[in-house]
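Subject: Structure for you to look at

Dear colleague,

Please find the structure below, and do keep it open while you read the notes that follow it.

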There are 2 protein chains.
Amino acid sequence: METLTKKETIALRDKFIGKSCQLFFRKDPLKIVSAKGQYMFDERGDAYLDCINNVAHVGHCHPAVVKAGCEQMSTLNTNNRFLHDNIVLCAQRLVSTLPEELEVCFFVNSGSEANDLALRLAQIHTGNRHVIALEHAYHGHLTSLIDISHYKFNLPGGPAQREYVHVASCPDSYRGKFNDAKDEKSKIGELYANEIKDICDNVKTKFGEGMCAYIAESMLSCGGQVIPPPNYFENVYRHVRAAGGVCIADEVQVGFGRIGKHWWAFQQYDVVPDIVTMGKPMGNGHPVAAVITTRAVANSFLNTGVEYFNTYGGNPVSCAIANAVFDTIEKENLREHALVVGEYLLDSCQMLKKKHVCIGDVRGVGLFVGIEIVKDRNTREADYETATYIVSRMKEEHILLSVDGPDCNVIKLKPPMVFSKENVEDVVTTLDRILKEVRHNKEESFHQNRATRPIGASTEVIKETPNRKPGLDARIKSI
Amino acid sequence: METLTKKETIALRDKFIGKSCQLFFRKDPLKIVSAKGQYMFDERGDAYLDCINNVAHVGHCHPAVVKAGCEQMSTLNTNNRFLHDNIVLCAQRLVSTLPEELEVCFFVNSGSEANDLALRLAQIHTGNRHVIALEHAYHGHLTSLIDISHYKFNLPGGPAQREYVHVASCPDSYRGKFNDAKDEKSKIGELYANEIKDICDNVKTKFGEGMCAYIAESMLSCGGQVIPPPNYFENVYRHVRAAGGVCIADEVQVGFGRIGKHWWAFQQYDVVPDIVTMGKPMGNGHPVAAVITTRAVANSFLNTGVEYFNTYGGNPVSCAIANAVFDTIEKENLREHALVVGEYLLDSCQMLKKKHVCIGDVRGVGLFVGIEIVKDRNTREADYETATYIVSRMKEEHILLSVDGPDCNVIKLKPPMVFSKENVEDVVTTLDRILKEVRHNKEESFHQNRATRPIGASTEVIKETPNRKPGLDARIKSI
């Protein structure tokens, strides 16, 4: 219920909330007072189509999830030092979706808590400290995770890179170090994986040490909606394990059936991680997350004799909600739905690409899609200005999108799983209209500036790493 | 709702939940299926009086809290990148209970996330790294917190102590390094604080560096229900600040009016922390926690340019629940209630002490009470066996207690705030009966063993640090 005017809310927020916590659309932020399915409503009752909130996985305020949460809240909510059915049933269910090696669960409250525990398990199990993470990857807001998240520590005001942290290139086949403009497509996965081998070898040479862990999202979100190429993870896991490390699949943003075909995005590849972390969609907005690992890793942790206690982790309410999310995905065939609608979305975006030259690449699987905006299809130079213009204009049209990637030029779509074909049509039609505006604006600008434009500059074929701006202030991203 | 037999629940827990997550009463764990107020109910409907769950602050499943949570869950639950009234009203309310310097809030999901952020803020603000924490203190399950929690890293299987972590003695006036058996009572606070000065001086000498932070619970929970003596914090804060550090008050376990007289336990002392962390009781079981700091510290964080985003932190449901907890504390006068019932509890336990020699010390404030079990009142030697026997017997009598402190000999009481005088009478009457059993058992044992008992051993007056067993495996604690 709204009790303050928007102006009052802004004033109190300015006064009492740390300004490091940033709003979407800072120049004209949204006050959202309710939500249903894939729609959010502001204080005037105006609806916005939510294309980015992967947390509201089965749809905002899904009645079955709310019911499960409320019933359990009014019955019992306590810690997991008491036996309870919800936690064990949730664990059984999670394990049933995974390869059989992944069989031991730890429940926590957030994806960050999950990744922190995953790293701790890896350190204890391997006895090593060196961690490989990817360029522009983000794994959470905790100290241990800022330290391995290039997306954060690489910012001008971020902490110094730790000696034990190693950054490998993002396996982006479009604008990455290795890409399909200059490299043989079938080799790209292996080329990126070789970097991991080099890091392992260097650690051995320089420190005389083995590896602790390789951690990566199974598809890269902050990295720019990147889907790693075939043979990447297969080779990476081989190199990391040969160096004594374990492999962590971060499924916090991309898991729980978003890709449609599988429950987990890593299942697209022929790999079995040693540790999987999951979060955001798990509670449809409720703080619940988990770490699932092998018996061997769990036993190493047990053998330290140090108890692991997480006050709210796996409490009956969190697990009732997680179980209801599972039920809903199954009952409403949301994985199949994600496949069908996702394919329609991808095809429709590919059609847009044919019409609009500023779209350099369209990629996706299930309801995880990225539209890469470039200045020139040949140079593949990122066009951050156009991407943010589009997002800003789409917001005026009541469609919520955002940008991601190191150059903030990738428009991301990872909507609640109930996103419909009609929603796709709304998004694509509106995008088409705005992209026409963009072209019109550019043509205007071209006619104004043609005298000063360097001829031929736009036809250079990409050969090297594109001109990235690593460390581009994350603040830019909130438009 | 129970869907499995207790045996089945245990079997699934064994199979799917990491064994580092331990149950209370491991030999005969409880399956709890519902709870109300200060009572928990097992699968047979048997009631247990909950004397330890400080999370269920206003009583398990309080209807006003459940109602607030459910209404908000069915309306909106999203991240704080959108404006919302609940978060700003919650922040305003938290700030209103604190000294005016503490005015900027960050919302997170757990006390652990709060303490991690507090340390990060301290590091950024001071530019230093050296942290002082207390002996046997526990600040959370995250890597950064295990590293500063002597209670964890000091275990045989714990991680090595980090160079930047410094452990000061627990300011325990009964069995600590300085105590009222050998030191002038009015000087004890200063004596313990001098240790902090020494650490700061040593850091300066050895590393040429200033301090980052001093972190302590305002009353020590895992440390053994310890209430720091007068002039302790006042002197500590002075020393730490003189060395360039900030002072963090960890109110995760002891805050939200538990002490009755004040909202926060640090307010018993004449100090204003730079950072306060709060958690457990805040959501009455729901994962919500907060960090509140000064404008200066928040500005240092802001000036890094690194955004802080916590997916669920400060979401409308978490804040609706926190606001309802506040409302309930006020509407039901729970702070005054904690004062009155707490005093009755303390007096009743003091009466028990007069009757039973195994009680060495009774201490408390509000609904935070510790009963220290000793082998001998003169030596003050910890009696872990008797303490755990009592807790185990009390459980058979359906009263839930547990032990804390480095020697696991302090019986702790920190019940939900709705704990009544009748509950106190039940606890004390039952304790009295069990303590008689203890005496009877001991007399039996004495008669059996008198020939071998070293004469005079029990009359030695305490002069030195009592014979602690640092690093006593935490597993022992779950009986």
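**The surroundings of Lys280 in chain A**

Leaving aside residues up to four places away in sequence, A:K280 touches A:N54, A:V55, A:V252, A:Q253, A:G285, B:F309, B:T311 and B:Y312, where contact means heavy atoms within 4.5 Å. Before going further, please note that this is a predicted model, in which local features need pLDDT of at least 70 and side-chain atom pairs count only at pLDDT 80 or more, while totals for chains, interfaces and linings use all residues. Residues are numbered from 1 along each chain as its sequence is written, chains are lettered from A and ligands numbered from 1 in the order in which they are written, and side-chain values use heavy atoms, with hydrogens and water left out.

A:K280 lies in the loop between strand 9 (275–278) and strand 10 (289–293) of chain A; helices (H or I, at least four residues) and strands (E, at least two) are DSSP runs, numbered from the N terminus. The side chain of A:K280 makes a polar contact of 2.5 Å with that of B:T311. A polar contact is a pair of N or O atoms within 3.5 Å; within protein, one must be able to donate a hydrogen and the other to accept it, and residues adjacent in sequence count only if both atoms are side-chain atoms.

A salt bridge is a side-chain nitrogen of Lys or Arg within 4 Å of a carboxyl oxygen of Asp or Glu.

**How the two chains are related**

**Salt bridges**

Over all chains, the count comes to 62 salt bridges. One of them joins the side chains of A:E396 and A:R393 (2.9 Å, N to O); these residues are 3 apart in helix 12 (residues 384–396) of chain A, and are therefore separated by about one helical turn. A:E396 is exposed, with a relative accessible area of 53%, whereas A:R393, at 12% relative accessibility, counts as buried.

In chain B, B:R81 and B:E307 form a salt bridge, with their closest N and O atoms 2.9 Å apart. This pair links distant parts of the chain, 226 residues apart: B:R81 is in the loop between helix 2 (63–73) and helix 3 (85–96) of chain B, and B:E307 is in the loop between helix 9 (295–303) and helix 10 (316–331) of chain B. Both B:R81 and B:E307 are buried.

**Strands and sheets**

In chain A, an open sheet of 4 strands has the order 1-2-3-13, with mixed pairing. Strand 1 (32–36) and strand 13 (399–400) of chain A stand at the edges, each with a single partner strand, so one side of each is left without a neighbour in the sheet. Two strands pair if DSSP finds at least two bridges between them. Strand 1 of chain A runs antiparallel to strand 2 (residues 39–42) of chain A, and 4 bridges join them; A:K36 stands opposite A:Y39 in strand 2 of chain A.

In chain B, 5 of the 5 residues of strand 5 (residues 130–134) are buried, so this strand is largely enclosed by the rest of the structure. B:H130, B:I132 and B:L134 cover one side, with B:V131 and B:A133 on the other, and all are buried. Strand 5 of chain B pairs in the parallel sense with strand 7 (residues 211–217) of chain B over 3 bridges, and B:I132 stands opposite B:Y214 in strand 7 of chain B.

With best wishes

Key:
Buried < 20%, exposed > 50% of the residue type's maximum accessible area, 1.4 Å probe, protein only.
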